[in-house]
Amino acid sequence: MASYDVIVIGSGPGGYVGAIPAAHLGLKPACVEEKKTFGGTCLNVGCIPSKSLLNLSHEFHKAKGLSNKGIEIGEVKLNLDNMMKSKDKAVTTLTKGVEFLLKKNKVTYFKGHGSFKSNNEILIKDDQKKETIIQTEKTVIATGSVPVSLPGIEIDEKIIVSSTGALKLEKVPNKMVVVGGGYIGLEMGSVWSRLGAKVEIVEFLDHITPGMD
């Protein structure tokens with residue numbers, strides 16, 4: 001049974017950023033990730049894809065307005081499929097970059113769902129149901145967050161979507177209601193509004209971006 005000084009469960013910004021410095025300090029670390037790619041929510045379905053779509057939709061919006069400024073370049077058309085491929089390419093590049101950093105800094109990694117078998121044993125079950133047990137002195141839990149819905153409403157990622165589903169819609173909706181006026185809701189609302197949807201934001205508090213300065 002392999003043994004490590006510290007095992008980090010999760011490879012997002014809390015996970016790989018914790019595992020790599022542990023290696024620098026002379027420890028023997030391992031990182032466990034249940035998803036197919038590294039980087040967690042931020043790189044896969046959060047900050048990076050949303051910023052990519054924000055940038056691309058902004059360029060599309062600017063191009064559509066050029067004729068009003070005396071710059072005529074013909075009819076500007078949206079190719080949503082190619083836009084999504086561009087976003088996915090950016091995500092793939094960065095998630096592979098995290099895997100490279102783990103290898104470069106000698107962090108052993110495992111693909112599979114990590115759980116505690118005991119205080120010092122982590123059980124890893126991969127997508128083929130194969131089980132591996134590794135030992136550790138310390139464990140860091142960096143499993144991130146998951147979307148939550150409203151009571152009694154089920155997210156089907158088709159009509160009612162989470163922020164993850166909003167990053168990969170196959171067509172521009174005629175109308176979109178975004179529940180939550182935080183930065184994630186506003187980012188997604190901005191993207192789809194620029195691409196042609198009529199977007200309305202619903203926020204429980206008396207102003208948008210609550211908690212932000």
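Author: Helices are DSSP runs of H or I with at least four residues, strands are runs of E with at least two, and both are numbered from the N terminus. The expected span of a helix is 1.5 Å times one less than its number of residues. The structure is a predicted model, in which local features need pLDDT of at least 70 and side-chain atom pairs count only at pLDDT 80 or more, while totals for chains, interfaces and linings use all residues. Residues are numbered from 1 along each chain as its sequence is written, and side-chain values use heavy atoms, with hydrogens and water left out.

Reader: How do you know that helix α3 has the span expected of it?

Author: Helix α3 covers residues 47-64, 18 residues in total. From its first C-alpha to its last it reaches 26 Å, close to the 26 Å expected at 1.5 Å a residue.

Reader: What makes the span of α6 agree with expectation?

Author: The 12 residues of α6 should span 16 Å, and the end C-alpha atoms are 16 Å apart, so the two values agree. Just after α6, G196 takes a positive phi of about 125 degrees.

Reader: Why is the pair of F38 and Y109 called edge-to-face?

Author: Rings of Phe, Tyr and Trp (its six-membered ring) pair if their centres lie within 6.5 Å; planes under 30 degrees apart count as stacked, over 60 as edge-to-face and the rest as tilted. The structure holds 2 aromatic pairs. In one of them, Y4 and F110 have their centres 6.1 Å apart and 85 degrees between the planes, which is edge-to-face. Y4 lies in strand β1 (residues 3-9) and F110 in strand β3 (residues 108-111), so this pair ties together parts that are 106 residues apart in sequence. Y4 is buried at 7% relative accessibility, and F110 is buried at 18%. For F38 and Y109, the centres are 4.9 Å apart and the planes stand at 75 degrees, so this pair too is edge-to-face. F38 belongs to the loop between β2 (29-33) and α2 (40-45), and Y109 to strand β3, 71 residues away.

Reader: Why does F38 count as buried, and why is Y109 called partly exposed?

Author: F38 has 1% relative accessibility, so it counts as buried. Y109 has a relative accessible area of 24%, so it counts as partly exposed.

Reader: What makes K28 a charge over the ring of Y4?

Author: A charge sits over a ring if NZ of Lys or CZ of Arg is within 6 Å of the ring centre and within 35 degrees of the ring normal. The charged end of K28 is 5.0 Å from the centre of the Y4 ring and sits over that ring.

Reader: Why are β3 and β4 described as standing at the edges of the sheet?

Author: Two strands pair if DSSP finds at least two bridges between them. An open sheet of 6 strands runs in the order β3-β2-β1-β6-β5-β4, with mixed pairing. β3 and β4 (113-118) each have a single partner strand, so one side of each is left without a neighbour in the sheet.

Reader: How do you know that β1 is paired on either side?

Author: β1 pairs in the parallel sense with strand β6 (residues 131-141) over 6 bridges, and V8 has V140 as its bridge partner. A further 4 bridges join β1 to β2, also parallel; there I9 is partnered by V32. β4 and β5 (residues 121-125) instead run antiparallel and are joined by 5 bridges. H113 stands opposite K125 in β5.

Reader: Why is K106 called exposed, and why is E157 called partly exposed?

Author: K106, in the loop between α4 and β3, has a relative accessible area of 69%, so it counts as exposed. E157, in the loop between β6 and α5, has 35% and therefore counts as partly exposed. K106 has a positive phi of about 60 degrees although it is not a glycine, and E157 likewise has a positive phi of about 60 degrees without being a glycine.

Definitions and conventions:
Buried means under 20% relative accessible area, exposed over 50%, partly exposed in between (1.4 Å probe, protein chains only).
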